Amino acid sequence: MASTSDEGPKPIRDRVSAKSTADPILRNALRYTISSKEYETLHKYIISRSKVLRRNAPTVAKVEKLVERPGRDDYNAAAVRASLRVFFATGAALKAWGAIKDRLLGAQKQHGKRIPLWKSPNLRLSLSLSTILLLHRILFRFFTRLRAHLLTPEARPFRQRNKKTSRTLTSSLAPAIGASLAGFMLAVYPNDQLRVTISIYALSRAAEFAYNHAEDEGWIWGKEGSRWERPWWWGSWLLYPLTCGQLLHAFVFDRDCFPTAYGNFILKYSPEYIQDRPEDYPASLSWPSTNKIVDNLAEIARLNYPPFVSPILFPNTTTLPASLNSISPITSAAHPLITSLTCAILHPSDPSCLRTYLTYWIRVFPRLTRFFTAVFVVLSLPSYKTFYRAPITTLNKLASRVLLYSSFVAGSIGTSWGAICLFQQLLPRHLLATQRYFFGGVLGGLWGFIVRRNARGEFLYSARTSLDSLWKVGRKRGWWRGIRGGDVWLFVVSLMVINVVYERDARAIKSGVVRRGFSSLRGEGLRDVVVEEEKRIKDEKARE
């Protein structure tokens, strides 16, 4: 029997100390919060300038030792860091915007049952956007690695057994399409107007970039120098007449499907056509509101434009249908020479439609000039150095832009209203009774031609607004039915299209901000691949 002395010494177990436990926690906390380069910058500009922070904060060398490990890939940690920053930045921005609306813009607070934190729209929007970023990076990395693995010689048996699956997964577009599935996380946010707006915005950008790519490839007009070149007048401004027509029709007949801010802007700059309550009008008598006036214009169109009978000439005669009695304060004092009921509502004091249109320009154009001067001066403040170098040229450009935009807006609004009077004179009562508002908006939208080189963003914004309004009108009237989560599916498809265009030809994405955004979505940093490529070509030519 062996003695206990023959047994070897028992191994001494490592003691679990607070330091040995804290190091992995600190290492992971730092690794998923900040990179070593970012900490070095933070230490250089902030921590090193404070004695208290410099004494308590770890040194740059210690952070590098904790965070950086030789041979370890930092891709997933960087994705977590970026998503956390998006989460907190979005939450802070939404909180600040809420405070601005409540205190500066006078928005009314909604009193009622307190919403739990996990149901908070701000929290869910921040969570949705940050999760989209995280999953997009992870999925893009996964499908990129999977494609590379399937293209190796060792995966040849798999490719032979699963030909269709292999062709799909080894496609150059597979990572771009697969990563777009992260867009389904938009469903984390509640189904309301903001989610629809995000989807429509993504759709418009996807259509824009796809069109640019198709045009660059020669699928629409042919290659540069070919027989079918793009006409000089072709551009995004052609969307504006159609969107103006749809929006004016919705504003008159389906105002609940029309954006309120857009409608308020139109009414604010329609003084000659929307009659405000006179200052000397008795307070005891009612006066129709602006929305009521527009509602009665729609009712007149549904009644096929009944003729106007002046109460001044025929005081003992019923001059208005029963459904239009609310506008009698306006029509009762209308000029006796007016024969059209719409003219009696739009410009009751002047029987001449042309003179009313000219008066509209005289009254509105100076107001719009002052408005756009203030707007463009504020927008030009970041480029003050340009003004310092060439003040006269900068002022000329600013004045030209102000005059063009003032003419564009005044012409669009005034012509749309004036076209109602024009169609009253040209068309029979029953012909295109309601549709003439659409064609009136089309005529007003033709003013977009004068700003066709400057207002691309405004045209696309109007197109998005019109698309949203048209969708709501269609659902209201039963033209189509929505599907549950349809806006999320639309967002995912739009994200796929943009990813595919970015993969095939990043030059089709004209916006450098969008290119940098999608580069960051893929975990490649805020890079502009187009600018880098142009710089590389320029350097090669310089070396030659």
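**Rings and charges**

Let's start with a cluster: Tyr240, Phe265, Tyr269, Phe371, Phe372, Phe376, Tyr405, Phe408 and Phe459 are linked by ring pairs. Rings of Phe, Tyr and Trp (its six-membered ring) count as a pair if their centres lie within 6.5 Å; planes under 30 degrees apart are stacked, over 60 edge-to-face, and the rest tilted. This is a predicted model, where local features need pLDDT of at least 70 and side-chain atom pairs count only at pLDDT 80 or more, while totals for chains, interfaces and linings use all residues. Residues are numbered from 1 along each chain as its sequence is written, and side-chain values use heavy atoms, with hydrogens and water left out.

The structure has 31 aromatic pairs. One of them is Tyr273 with Trp417, a stacked pair with 6.5 Å centre to centre and 20 degrees between the planes. Tyr273 sits in the loop between α12 (260–268) and α13 (290–302), and Trp417 in helix α18 (residues 391–426), so the pair ties together parts 144 residues apart in sequence. Helices here are DSSP runs (H or I, at least four residues), numbered from the N terminus.

Phe438 counts as partly exposed because its relative accessibility is 26%, and Phe439 counts as partly exposed at 39%.

The charged end of Arg141 sits over the ring of Tyr75, 4.3 Å from its centre, and that of Arg452 sits over the ring of Phe449, at 4.0 Å from the centre. "Over" means NZ of Lys or CZ of Arg within 6 Å of the ring centre and within 35 degrees of the ring normal.

Technical notes. Helix = DSSP H or I, 4+ residues; strand = E, 2+ residues; numbered from the N terminus. Buried < 20%, exposed > 50% of the residue type's maximum accessible area, 1.4 Å probe, protein only.
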